[in-house]
Amino acid sequence: MTYKITEEDNISTIFLDGEIDMDKTEEVKEVIFPIIDSGKDVALNLSNVQYMDSSGISVLIESHQKALEKGTKVIIKDVSKSVLKVIMMAKLEQILNLE
Amino acid sequence: MTDLNHIEKKAFLVKSSSLKDVRTFCREVFEKLNIEQNLKDELVLAIAEAAQNIVKHAYKDKPDANEIMVVEISLVNKEMKIAFYDMGTPVDPKKVKHREIDNVKPGGLGTFFMQEIMDAVEFKDGKKPWINHLVLTKQL
């Protein structure tokens, strides 16, 4: 998995690239969580994530909940069709901030 | 989808870095079987969740065991069976359940995904040397 981060105003956009499974979740958390902890809003661009399993979905939930605790937000942007299907299977499309 | 009957199996080291190889194996088999993309994605997810459970739960107490798990995919008379064999801690099927889907929290979704995608998710008796034998079934 690779990633790129861009900054604009108080929003950090994280472009994730690759497949997110149990083997990659710690790596993903290490990218996302410090930004949430710093008090910034996070936009997660998932257009180049073609596969995500329940571990990846757990990271999305954890990020969302962590942001709520910190008074910031995590927006999930440009979700690929295959990942959106998994999010919908988990019935999270109304819970997570999808754009 | 092909009408031919087909069986393929492969062994993988029980570790999280093998999960990508499990998915690659499944995708290659489903490609040969001409399974359409949507169904292929669902089946790969169900299989990957089952393999993940083996790594995460059956080998929780022996992460460096260097042992193998076997994944066997068969399509016979349009019935897809995916069998998993491992020698980890015995699984008590009664304790395998997903979290309530409305109780949003991290974890507990893997089994839910398997049950949503497949017609049946069953633990069978593991024949020696195997301890656990999980079978996922779906009529295609």
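A residue counts as buried if 20 or more other C-beta atoms lie within 10 Å of its own. By this criterion, buried residues make up 34% of the 140 residues in chain B. The model is predicted.

**Chain B: overall build**

Chain B holds 3 helices and 5 strands, and from the N terminus on its elements follow the order β-α-α-β-β-α-β-β. The radius of gyration of chain B is 15 Å, close to the 14 Å that the globule rule gives for 140 residues, so chain B is as compact as a globular protein of that length. Along the principal axes, the C-alpha atoms of chain B occupy a box of roughly 40 × 40 × 25 Å. Of the contacts in chain B with a separation of 6 or more, 64% are between residues 24 or more positions apart.

**The sheet of chain B**

The 5 strands form an open sheet in chain B, with antiparallel pairing and the order E1-E2-E3-E5-E4. Strand E1 (6–13) and strand E4 (120–125) of chain B stand at the edges; each has a single partner strand, so one side of each is left without a neighbour in the sheet. From one strand to the next, the twist averages 20°. Within this sheet, strand E2 (residues 68–76) and strand E3 (residues 79–86) of chain B pair in the antiparallel sense over 7 bridges. B:Ser74 has B:Lys81 in E3(B) as its bridge partner.

**A hairpin in chain A**

In chain A, strand E1 (residues 2–8) is joined by 7 bridges to strand E2 (residues 11–20), and the two run antiparallel. E1(A) and E2(A) form a hairpin with 2 residues between them. A:Asp9, in the turn, has a positive phi of about 50°, and A:Glu8 has A:Ile11 in E2(A) as its bridge partner. E1(A) is hardly covered: among its 7 residues, the count of buried residues is 0.

| Strand pair | Sense | Bridges |
|---|---|---|
| E2(B) and E3(B) | antiparallel | 7 bridges |
| E1(A) and E2(A) | antiparallel | 7 bridges |

**Contact between the chains**

The contact takes 20 residues from chain B and 17 residues from chain A. On the side of chain B that touches chain A, the elements giving two or more residues are helix H1 (19–32), helix H2 (37–58) and helix H3 (110–117) of chain B. H2(B) gives the most to this side, with 7 residues. By class, the side of chain B that touches chain A has 9 nonpolar, 5 polar and 6 charged residues.

Key: Residues numbered from 1 in each chain as written. Chains lettered and ligands numbered in written order. Predicted model: local features only at pLDDT ≥ 70, side-chain atom pairs only at ≥ 80, totals over all residues. Helix = DSSP H or I, 4+ residues; strand = E, 2+ residues; numbered from the N terminus. Rg over C-alpha atoms; globule rule 2.2 N^0.38 Å. Buried ≥ 20, exposed ≤ 12 C-beta atoms within 10 Å, placed from the backbone. Contact = placed C-beta atoms within 7 Å. Pairing = 2+ DSSP bridges. Axes fitted to C-alpha atoms, helices over the stretch in contact; angles between N-to-C directions. Nonpolar A, V, L, I, M, F, W, Y, C, P; charged D, E, K, R; others polar.
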